[in-house]
Amino acid sequence: MESNKLLAALSYFSIFFAGIIVPIVVLCVSGDKEVKHHAKKALISHLLLLIPVPIIIFAAFADIIGIHQGEVPIMLFVGIIISIILSIIIFIWNIVKGIQVLSKETII
C-alpha cells in the first residue's frame, strides 16, 4: 500500500524533474485504480502548462512579421504573464496534492 501512495505522489512531484513522462509511465504500469486516478490528474495538470504556448508563438510571429508594427507587443506580454501565473498555480497545486496523497491513510 505504501508503494501505491508513493507512486501517486511521485506523479504529482514529477512536475519538477520529468514532466509528463512519470504520470504516463504510472498510468501504463500501475494496476491500482486510485493510483491511476492520481496519475491522470497529475498528467492533466502537467499538460495545462502548454495552454499559453500557442498564444505566445502566434504573438511572437505576429511581432516578427510586423502585423502590429510600431505597437507594444501586448499579446506577447499577456501570454507570458498568463504562462507565469498558470505555472505558479500548477506548481503549488501539484505540491499540495502530492503532500495530501502522502499524508492520507488511504488514497482516493
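Student: Which residues form the largest nonpolar core?
Tutor: That core has five residues: Ala8, Ala9, Tyr12, Ala42 and Val101. A nonpolar core here is a set of buried Ala, Val, Leu, Ile, Met, Phe, Trp, Tyr and Cys residues joined through side-chain atoms within 4.5 Å. Buried means under 20% relative accessible area, exposed is over 50%, and partly exposed is in between (1.4 Å probe, protein chains only).
Student: Which helix gives the largest share of this core?
Tutor: Helix α1, residues 2-13, with three residues. Helices (H or I, at least four residues) and strands (E, at least two) are DSSP runs, numbered from the N terminus.
Student: Before we go on, what sort of model is this?
Tutor: A predicted one: local features need pLDDT of at least 70, side-chain atom pairs count only at pLDDT 80 or more, and totals for chains, interfaces and linings use all residues. Residues are numbered from 1 along each chain as its sequence is written, and side-chain values use heavy atoms, with hydrogens and water left out.
Student: OK, back to Tyr12. What does Tyr12 touch?
Tutor: Leaving out residues up to four places away in sequence, Tyr12 touches His38, Lys41, Ala42, His46, Trp93, Asn94, Lys97, Gly98 and Val101. Contact means heavy atoms within 4.5 Å.
Student: Zooming out, how many helices and strands are there?
Tutor: Five helices and zero strands, so the order from the N terminus on is α-α-α-α-α.
Student: And how much of the chain is buried?
Tutor: Buried residues make up 30% of the 108 residues. The chain exposes about 6,900 Å², with carbon and sulfur atoms supplying 76% of that. Those areas come from the Shrake-Rupley method with a 1.4 Å probe; for residues, only the protein chains shown count as cover.
Student: Which residues form the nonpolar patch on the surface?
Tutor: Ile20, Ile21, Ile24, Val25, Val29, Leu47, Leu50, Val53, Ile57, Phe61, Ile64 and Ile65, with about 1,100 Å² of accessible area together. Like charges are joined within 9 Å, nonpolar side chains (Val, Leu, Ile, Met, Phe, Trp, Tyr) within 5 Å.
Student: Which helix gives the most to the patch?
Tutor: α4, with five residues. Both α2 (21-29) and α4 (53-65) supply at least two residues each.
Student: Why does Val53 count as partly exposed?
Tutor: Because its relative accessibility is 36%. Val53 lies in helix α4, and its C-alpha atom is 8.7 Å from that of Ile80, 27 residues apart along the chain.
Student: What about Cys28, buried or exposed?
Tutor: Cys28 counts as exposed, at 64% relative accessibility. Cys28 is in helix α2.
Student: New topic: which residues does UniProt annotate as "transmembrane region"?
Tutor: The unreviewed entry gives residues 6-30, 42-62 and 74-96. UniProt positions are in the numbering used here, feature names are shortened, and annotations may be inferred rather than shown by experiment.
Student: How far apart are the end C-alpha atoms of residues 74-96?
Tutor: They lie 33 Å apart, and the span is 100% helix and 0% strand. For residues 6-30, the end C-alpha atoms lie 12 Å apart, with 68% helix and 0% strand.

Technical notes. Patches are made of residues with over 30% relative accessible area and no salt bridge: like charges are joined within 9 Å, nonpolar side chains (Val, Leu, Ile, Met, Phe, Trp, Tyr) within 5 Å. A salt bridge is a side-chain nitrogen of Lys or Arg within 4 Å of a carboxyl oxygen of Asp or Glu.
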